[in-house]
Amino acid sequence: MRRAAWSLLLLIAIAAAAAPWLAPNPPNQRFDNLLYAPPTPVHLFSDGLRAPFINPWRVVNRLERRFDADTFVHVSLRWFTGGTLVTGEPDAGAPLLLLGADGYGRDIFSRLLFGARATLAVSLVSALLATILGACVGGFAGYTGGWLDGVLSRVSEFVLVLPAIYVALVLRAVLPLVLPPSTVFVLLIGIFTLLGWPIVARGVRAIVLVEREREYALAAHAAGASDSRVLWRHLLPASAGFLQTQASLLVPAFMLGEATLSYVGLGFPNTIPTWGTMLQDASNVALLGDAPWSLAPAVAIFVVVLGVNLLAQSHGRTPVQLEP
Amino acid sequence: MARFLARRLLFSLILIVITSSAALLIARLAPGDMTSQLGPFASQVEVESTRTRFNLDRSPISQWGLWIARATRLDFGESFLYNRPVAPLVGRAAANTALLGVVSLLTATLVGLSLGVFTGARSGALPMFVRSVSLVCVSLPPLVTSLLFVFCAARTGWLPAGGMVSSTASNPSWSAWMIDVLWHLPLPVLALSLPMAATFERLQSQSMADAVHQPFVLAAVARGVPASRVLLRHAWPTSLRPICGVYGLAIGALLSGSFIVEFVTAWPGLGRLTFEALRARDVYLVAACAATGAAFLALGTMTGDLLLAAADPRVRQESVG
Amino acid sequence: MGTATAPGDLVGTGPFVLREYQPGQRLVFDRNQKYWRKAENGDALPYLDRLVLELASDQNAELLRLQSGALDLTHSELRSDDYIPVRRAEEEGKLTMVELGVAPDADAFWFCLKPEKKARDPRFAFVSKREFRQAISHAVDREAFAQTVFLGEAVPVWGPITPSNRLWFSPNLPRYPFDVAASRKLLAGIGLEDRNGNGVVEDKAGTEARFTVITQQGIGYYERGTTVLREQAAAVGIALDIVPLEFSAMVARLLACDYDAIYMRPVTTDLDPAVNLDFWFSSGSAHLWNMNQEKPATEWEQRIDTLMGEQASVLDFQRRQQIFTEVQNVFAENVPVLYFASPRLYYAHSRRMRGVVPSILRPIVLWNADSFSISSAR
């Protein structure tokens with residue numbers, strides 16, 4: 001199971017890294033005649049076995065989203081051309097849409113691959129930073145006890161309850177209207193780290209509270225170890241399991257949080273796809289039955305989370321979902 | 001014990017005051033105010049009079065001072081959006097959310113813990129299956145579960161696809177209203193409790209597996225105590241400790257999860273009210289919602305700490321400072 | 001008497017009486033037994049015993065409830081995204097769909113032209129010239145706009161009065177057909193050329209024609225509209241950065257003239273232009289591109305002020321039409337606001353409702369609520 005989890009996560013990481021090569025179309029190329037187009041099936045047979053080809057979609061009715069495959073035109077898939085692994089003929093109106101097109105006529109599959117980069121980068125880095133910060137604060141609070149512990153606990157509770165969207169709104173007002181993507185990246189990571197550390201801190205604090213009374217901690221004390229040494233070398237590693245699972249929990253929470261923030265106007269600009277913003281396009285529930293492929297980002301998020309949970313499980317830790 | 005409770009209550013009160021004050025302050029700093037709701041083409045007179053009525057023409061400090069003074073008299077201001085006092089609005093919404101939350105929590109606890117005991121103590125095909133389903137559910141965020149359930153309800157028509165009461169209810173008696181609510185309850189409860197039940201199941205399973213391998217369990221079996229009794233009277237209480245430790249956080253997660261579920265399933269609770277208030281910059285309503293949210297969270301963490309203290313005497317000695 | 005008054009104490013002469021108000025959730029109305037109006041055949045109106053209005057915050061949820069039969073009517077028209085499930089429900093016999101015609105308003109795009117705020121902005125020198133705005137109008141392919149943004153269910157428009165406003169629409173106004181070359185020529189004429197080859201035109205001093213366009217977050221039409229607009233403007237060298245903002249933030253910036261350009265649809269409340277004077281008068285609070293002016297900032301706005309003053313006071317309808325056509329001419333020449341396409345509106349209600357006559361203006365259906373009835377026949 002561990003190997004399965006690792007290979008799954010590795011696959012996703014590679015897919016994200018190799019997105020420009022794996023994606024059949026540029027993520028922002030719009031095909032005006034293919035809004036909401038379904039996936040293009042790849043055929044192998046036409047009077048016998050042939051090289052894989054597709055039949056381009058011709059729009060019959062835009063409002064009703066009806067498309068007909070032009071069976072007279074066979075567009076062979078081109079391999080290793082133009083810097084991509086495989087593609088159709090996007091410039092001739094016959095793109096390879098493995099997961100169909102969204103409401104702007106953009107290829108969902110390509111956006112999924114490119115979206116993995118932004119989404120995973122923000123979520124993973126924020127989860128890491130939040131875990132580190134939370135572990136430090138929580139460990140310190142749990143170990144020291146006394147009024148300092150009280151203060152830190154109250155601060156973390158306060159941050160947990162603060163309406164995050166308000167903070168985001170204020171930031172939106174204070175910052176210049178158009179932000180370069182790198183600034184947005186740093187900003188999002190900052191916000192998520194600040195929102196995520198209290199959850200980690202509480203758990204670490206609870207663990208350290210208990211662990212510091214255990215025999216090995218007392219023994220270390222007796223042997224003359226300084227407070228910080230006891231904390232770092234002995235108590236915090238006891239919370240390693242918790243930290244692992246908590247870090248893995250933060251990842252999907254931040255993925256969805258990124259979508260919420262872009263609703264407030266504090267996310268990446270429209271030109272940069274992320275799984276969160278793609279999910280917003282799929283929120284029209286009535287159409288899920290007709291266009292199930294629009295749920296692809298939800299499936300992607302689910303797969304990543306499942307992989308991380310499997311990993312946690314295989315290490316003997318229980319995956320828990322404590323923060324949506 | 002009493003001192004512990006008193007201290008926690010005091011801190012909870014301080015937390016509530018600070019949270020709502022911060023919400024009030026941030027609302028002032030955020031761009032636009034409630035008068036934007038009057039539309040971009042409202043007359044100056046109307047805008048000014050609204051500002052005066054809600055003390056928005058004063059400095060933030062003075063507005064905060066006035067609000068605190070009124071709050072001590074249990075007058076939490078008025079809502080611009082609904083044109084009535086804030087307290088009954090928030091009270092009703094909080095009650096709806098509490099209903100949803102409590103039922104979800106109970107469901108998740110019952111289902112999760114019992115399944116966890118089952119899978120933790122045994123091995124075989126069925127426990128394996130339950131564990132896998134649990135893993136899948138833990139990986140599904142409440143947003144996705146609520147979307148899926150609403151979609152299924154809309155397609156099959158087995159359950160109402162949202163809301164708390166039907167629009168066709170006419171002059172219902174109390175029992176009829178209760179039944180109507182019960183009919184609408186399963187959808188949001190399922191969406192909210194499913195990931196949580198899976199969480200509890202996983203936790204309980206792990207800790208049960210740990211507990212079952214403890215020496216005292218072996219001793220009990222060796223003494224001839226029947227297996228079920230060993231499980232329930234000896235192993236299970238010990239296995240509850242990690243769950244109690246997490247219970248407080250679970251209640252907190254319930255609050256934020258309910259926000260999303262309420263939104264998708266149109267359940268008229270605190271989450272939806274807060275969202276509407278935020279959108280309209282209805283400052284006093286937002287402050288009251290933030291305060292209620294803080295109260296829920298404080299209650300949750302206090303419950304969690306109490307449970308943890310009850311389950312593990314070692315923690316009791318070092319009460320939170 | 002405010003909205004906090006107990007329902008039993010409210011006074012009115014409408015067909016329904018408020019029985020219950022749950023704030024943020026619903027209003028329950030009962031039949032007014034003493035309603036003054038009668039049907040043509042003498043029957044007592046209204047037919048309905050009870051009307052319940054639910055306050056929905058999410059249009060997706062509202063549509064689902066309509067489809068499942070929990071609701072009989074929706075409060076606003078369908079979005080083009082909703083067409084398919086509603087069409088399917090109609091074929092299954094659950095809903096009735098009605099075509100309302102072309103909307104009386106269209107999505108608008110304008111720059112802030114307030115000299116007091118923008119005079120020191122180097123871009124104002126060319127934005128304030130009408131040729132600049134005319135060039136943008138030339139750059140947009142309105143047919144493609146209608147196809148992409150409204151899935152084909154829209155008609156191209158060039159002014160604030162749409163073809164559905166039959167009394168006041170004038171088809172012979174100056175239009176700016178899709179012509180990229182003409183657009184570029186106009187821009188070059190006011191000194192905007194791409195001198196450094198980066199795809200964006202600049203003036204002689206090197207100031208780029210790059211603008212931030214704010215729009216309301218969360219509305220599919222706006223998102224698609226601004227995407228198309230950005231692409232087509234880029235083709236003539238004007239760079240637009242689209243920033244979706246939350247409604248209150250957008251309104252705050254609009255009122256303070258703290259923006260470069262805005263894209264949104266101001267809703268028309270009445271078809272007669274004399275009722276919309278706050279838009280036409282330069283001193284008006286809805287004079288989008290330069291609100292609440294003390295004195296008209298430009299000569300053509302002065303002209304419109306004079307004409308509209310006459311239009312609103314003259315009684316002869318023909319004369320009023322003539323004057324208003326002249327006003328629209330001035331507006332079309334100077335293009336302070338650009339319009340692209342006006343959507344066709346659709347509405348759906350449950351099968352069992354009778355007497356529903358949806359209209360283009362708001363309130364779409366409740367204007368004749370006293371004539372509603374329910375039938376069990378199909």
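This is a guided tour of the structure, chain by chain and then across one interface.

The model is predicted: local features need pLDDT of at least 70, side-chain atom pairs count only at pLDDT 80 or more, and totals for chains, interfaces and linings use all residues. Residues are numbered from 1 along each chain as its sequence is written, chains are lettered from A in the order in which they are written, and side-chain values use heavy atoms, with hydrogens and water left out.

**Chain A**

Please select chain A first. Its secondary structure comes to 11 helices and seven strands; helices (H or I, at least four residues) and strands (E, at least two) are DSSP runs, numbered from the N terminus. Of its 324 residues, 57% are buried, where buried means under 20% relative accessible area, exposed over 50%, and partly exposed in between (1.4 Å probe, protein chains only). Among contacts in chain A with a separation of 6 or more, 71% join residues 24 or more positions apart; contact means heavy atoms within 4.5 Å.

Next, select A:D70, in the loop between β4 (66–69) and β5 (75–76) of chain A. Leaving aside residues up to four places away in sequence, A:D70 touches A:N55, A:P56 and A:R58. The side chains of A:D70 and A:R58 are joined by a polar contact of 3.2 Å. A polar contact is a pair of N or O atoms within 3.5 Å; within protein, one must be able to donate a hydrogen and the other to accept it, and residues adjacent in sequence count only if both atoms are side-chain atoms.

**Chain B**

Move on to chain B, which has 13 helices and two strands. Its C-alpha trace spans about 85 × 55 × 40 Å along its principal axes, and 51% of its 321 residues count as buried.

Within chain B, select B:D210, which lies in helix α8 (residues 186–212). B:D210 is partly exposed, with a relative accessible area of 46%.

**Inside chain C**

Which residues have the most contacts inside the largest nonpolar core? Select C:F109, C:W110 and C:F132 to see them; this core has 73 residues. A nonpolar core is a set of buried Ala, Val, Leu, Ile, Met, Phe, Trp, Tyr and Cys residues joined through side-chain atoms within 4.5 Å. Beyond four places in sequence, the residues that C:F109 touches include C:I136, C:V213, C:L229 and C:F340. A second, separate core of 59 residues includes A:I108, A:L261, A:V304 and A:L311.

Now select helix α6 (residues 142–149) of chain C, whose buried residues are C:R142, C:F145, C:A146, C:T148 and C:V149. Among the elements that cover them are α5 (130–139), α8 (220–235) and β11 (341–350) of chain C. Just after α6(C), C:L151 takes a positive phi of about 55°.

**Where chain C meets chain B**

Finally, show chains B and C together. Here 31 residues of chain C are in contact with 28 residues of chain B. The area buried between them is about 2,700 Å², of which carbon and sulfur atoms give 53%; buried area is the accessible area (1.4 Å probe) that two parts lose on being put together, summed over both. On the side of chain C that touches chain B, the elements giving two or more residues are β1 (16–22), β3 (50–54), α1 (59–68) and α9 (247–256) of chain C. The most come from α9(C), with seven residues.
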